[in-house]
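Here are some notes on the model you sent, arranged as numbered points.

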Amino acid sequence: MCGIVGYIGERNCVPILINGLKRLEYRGYDSAGISVIFDHDSTVVKNKGKVSLLENKIENLNLSARLGIGHTRWATHGAPNELNAHPHFNAEKNLYVIHNGIIENYQTIKKGLQKLGYEFITQTDSEVLPHLIDSFIKKGNSLFKSVQLALGEVEGTYGIAVIYENEPDKIIAARKGSPLVLGIGENENFVASDVSAILAHTKQIVYLEDGDIIQVYKDHFTAKTILDKEVEKEVHEITMSLDEIDKGGFPHFMLKEIMEQPESIRNSMRGRILFDEGTSKLGGLESVADALAGSKRILISACGTSWHAGLVGKYMLEQFTRIPTEVEYASEFRYRNPIIEKGDTIFFISQSGETADTLAALRESKIRGALGLGICNVVGSSIARESNAGVYTHAGPEIGVASTKAFTSQLVVLSLITLLIARKKNMSLVDGKTIAGELSLIPDKISEILKLNYEIEKIANAFKDAKNFLYLGRGYNFPVALEGALKLKEISYIHAEGYPAAEMKHGPIALIDEKMPVVFIAPKDSTYEKIISNIQEVRARGGRIIAVASEKDNDIDKLVDYTIKIPDTIRMLMPLLTVIPLQLLAYHIAVKKGLNVDQPRNLAKSVTVE
Ligand code: M6R
């Protein structure tokens, strides 16, 4: 989950690396470092903490070089301190490596190198790489060959970039399991974990595949595999703009991304709803649409917020297509020998398209012959490329670690998929048209809810010191309760749990007292009366209640402490609306607590390690 960036060209690489690292900070931010090579000399600068601290440190050094690499770290092995920060280097301090991933057999490699006299100064797995590469160089190999040979001994995952004082005309970069792209410029080239780091300089991108290793010179590159086979790489012109990944005047990316949702979900549905036919058109699924509709069973595999979207998807798919649908954490799916049979379709949902567990689950399912379909936001990401077919959510870049607009765009795509399958099976034209029509109204309804921002901020103020929160919802809104709780805990560090409302009496009710805020998701639907009973139960025990309720519901106000009134829609689309106030509530509580909303502690945007 670390971020890596490299530059070779004619400009001073230092500001390019620092700016690239700032863009990559969402991947990890516990330490950062750069190393640069100039006139057959080199230096490395590292710092604990965020990239801005590294930048301050570098400012006084007057550094200038045309070749360099940089890294922002999310610690896996070894404490997040300056020593363990990347780049790591050999004893002579003339060869530098940055690494994203985990070297699983690092202990074995380390012991072997120690026997040869290599000394280790960090607690990281990554430090074996410069020493191992160095050991092959000392046997007379070129840098490229040495990296190839070293990676041949490594088990685990990596996206790496290597520079060496004695071959100062190149960066060597390689990937297995961790994302890496090459950016092509005019007399300059870049490597990075993702395009956001280099978008200010180029839109010409080459995506590395697992097993690829490249030599990047300032004016060309060559590509092979770790096993030394030639590979052809295609250059892609990407359309993303820098504006799309800037904060655009908002104090935090998270708020910007919450506010963007009317537009982001318009983009998710643009050109995909066939109103007259009451169905959807998803180009990426056309080749598999019949197989999909004929599925005996649908599985959905994902992590975190994407898993919550999957749960909503299960409710939609089972209600309208009558295809049994199961949802499983990708991390569980891949390790428990899941039952996959002929006729099963598996969706892999991932904003980043790089989540290690989800990617591994996709690979496992393909080995077993299942139809693996991706629902991803990041274009060209590993899951998007490796799935048999799929749909992009088109939410635009999501930078805030807490996922918001990616979730709602996933829900839109899942409803379009449901519509597609259901209309191919037994859904009537009238019902199809109703869903299509309601879907198209959602962006405006979200805009209405976003106007409640200030009101929700006031509620946040009243609850910012709470130690625990309970989120309760039924049916389609049970996954929303889980999502609301996840948003709160990840950015405000308040313990929060989501439950199906009716389950409360089987345990969580014991937690209720006057200190326990309970958020009820209680729109006027078929379970409304039941949820009102649950509200009464909490009220009777002194719990403080916030209700997300239908705008026409005048009765609920007297039962609860705070109400957030939202427009109605059909049940399957209700999560697209009910989740919005919960995102805002979590956001404002975290801001009021003075926390780093976009980069909460211990987390990273893209979890590319197991
Ligand atoms: O990129 P992905 O959708 O695969 O990421 C999955 C989770 O890591 C992610 O949703 C995580 O739970 C978010 N921080 C939630 O806000």
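1. A polar contact, as the term is used in this note, is a pair of N or O atoms within 3.5 Å. Please keep in mind throughout that the model is predicted. With that cut-off in hand, the side chain of Glu 490 can be taken up: one of its N or O atoms is 2.4 Å from an oxygen atom of the ligand.

2. A polar backbone atom of Thr 305 is found 3.0 Å from a ligand oxygen atom, while at Val 401 a backbone N or O atom lies 3.1 Å from a nitrogen atom of the ligand. As for how much of the ligand is covered, the ligand taken alone exposes 410 Å², and the protein buries 92% of that area.

3. Which residues are the closest to the ligand? The shell consists of 15 residues, and the closest of them are Ser 306, Ser 350, Ser 352, Thr 355 and Glu 490. By class, the residues of this shell divide into eight polar, five nonpolar and two charged.

4. Why does the ligand lie between two domains? Residues of its shell come both from domain 2 (247–449) and from domain 3 (452–598), and the ligand therefore lies between them. In terms of secondary structure, helix H9 (304–321) and helix H16 (477–492) each contribute at least two residues to the shell. The space that the ligand takes up is the second largest pocket.

5. Turning to the backbone, I would draw your attention to the peptide bond from His 86 to Pro 87, which is cis, with omega near 0°. Pro 87 belongs to the loop that runs between strand E4 (67–73) and strand E5 (88–89).

6. His 40 is placed in the loop between strand E2 (31–38) and strand E3 (41–48).

Methods: Residues numbered from 1 in each chain as written. Predicted model: local features only at pLDDT ≥ 70, side-chain atom pairs only at ≥ 80, totals over all residues. Heavy atoms only, no water. Near = heavy atom within 4 Å. Polar contact = N/O pair within 3.5 Å; in protein donor to acceptor, adjacent residues only side chain to side chain. Areas by Shrake-Rupley, 256 points an atom, 1.4 Å probe, with all protein chains shown as cover. 1 Å grid on protein atoms, 1.4 Å probe; cavity = no way out; pocket = protein on both sides within 12 Å on 5 of 7 lines; lining within 4 Å. Sits in = over half its atoms within 2 Å of the grid points. Helix = DSSP H or I, 4+ residues; strand = E, 2+ residues; numbered from the N terminus. Nonpolar A, V, L, I, M, F, W, Y, C, P; charged D, E, K, R; others polar. Domains from an automatic or database assignment.
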